[in-house]
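Biologist: I would like to learn how to read a few features of a model. Please take them one at a time.

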Amino acid sequence: MTTGTAERKRPVLALITGLTLLSIGVVASLFFGVTWALAGSGDSVARAEVRDAALRDGTSAIISFNSLDFRDVDGGLKRWEDNSTGPLRDEIRQGRQNYATQITQAKSSTAARVLDAGIVELDENAGKARMIAVVQVTVTIDGQPPANKQDRYQAELTREGETWKLSGLGTVPVG
């Protein structure tokens, strides 16, 4: 008789164990689902989106400032103005003719690509950010083979509307 009672208890124990595991799974799914949903709508996501926009716009601006063709100086200097703001834009406007003359006389072209970059400071409320970037610039002087150089830059960014623009740009010494 003992064997028959034990055999009848096994399906009940299996059912209880199964229901317990199912309950634990449902509770865990609800917990992690709610946690995921809250994390996806928090301030950290909004801040990350602002940071990513600043990095994207800053990277594009640094490329523009390091890419210029002597055959289209006006177009290149227009891109400099479009990607800058504040005192940097004023400096470009004031020195525009001098820059155009130097670049045209040198018959040089530069093409840049950002190898790595990151936002190191971000003040969303003030619309200010600071980034650093490693840039490779290919310099071609008319009639000569191209030469590559690498520089590290620190850029000050200021938000104008929805766009981040350069308000300062300088090289950072290595070492």
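Biologist: With which residue does Asp82 form a salt bridge?

Modeller: This is a predicted model, in which local features need pLDDT of at least 70 and side-chain atom pairs count only at pLDDT 80 or more, while totals for chains, interfaces and linings use all residues. Residues are numbered from 1 along each chain as its sequence is written, and side-chain values use heavy atoms, with hydrogens and water left out. A salt bridge is a side-chain nitrogen of Lys or Arg within 4 Å of a carboxyl oxygen of Asp or Glu. Asp82 forms one with Lys78, and their closest N and O atoms are 2.8 Å apart.

Biologist: Where do Asp82 and Lys78 lie?

Modeller: An α-helix has 3.6 residues a turn, so residues three or four places apart point the same way. Here, Asp82 and Lys78 are both in helix 3, four residues apart, or about one turn. Helices (H or I, at least four residues) and strands (E, at least two) are DSSP runs, numbered from the N terminus.

Biologist: Is Lys165 buried or exposed?

Modeller: Buried means under 20% relative accessible area, exposed over 50%, and partly exposed in between (1.4 Å probe, protein chains only). Lys165 has 14%, so Lys165 is buried. Its side chain meets that of Glu160 in a salt bridge, 3.2 Å from N to O. Glu160 has 29% and is therefore partly exposed. Elsewhere, salt bridges that share partners join Glu81, Arg93 and Arg96 into one network.

Biologist: How many salt bridges are there by this rule?

Modeller: The count is 12.

Biologist: Which residues does Val137 touch, leaving out those up to four places away in sequence?

Modeller: Contact means heavy atoms within 4.5 Å. Val137 touches Asn66, Thr110, Ala111, Ala112, Ala147, Asn148 and Lys149. Val137 and Ala111 are 26 residues apart in sequence, yet their C-alpha atoms are 5.6 Å apart. Val137 sits in strand 3 (residues 128-141) and is buried, because its relative accessibility is 2%.

Biologist: What should helix 2 span?

Modeller: The expected span of a helix is 1.5 Å times one less than its number of residues. Helix 2 (residues 43-65) has 23 residues, so it should span 33 Å; its end C-alpha atoms are 33 Å apart, which agrees. Its buried residues include Val50, Ala53 and Phe65. Among the elements that cover the buried residues of helix 2 are helix 4 (86-106) and strand 2 (108-123).

Biologist: How many helices and strands does the protein have?

Modeller: There are four helices and five strands, in the order α-α-β-α-α-β-β-β-β from the N terminus.
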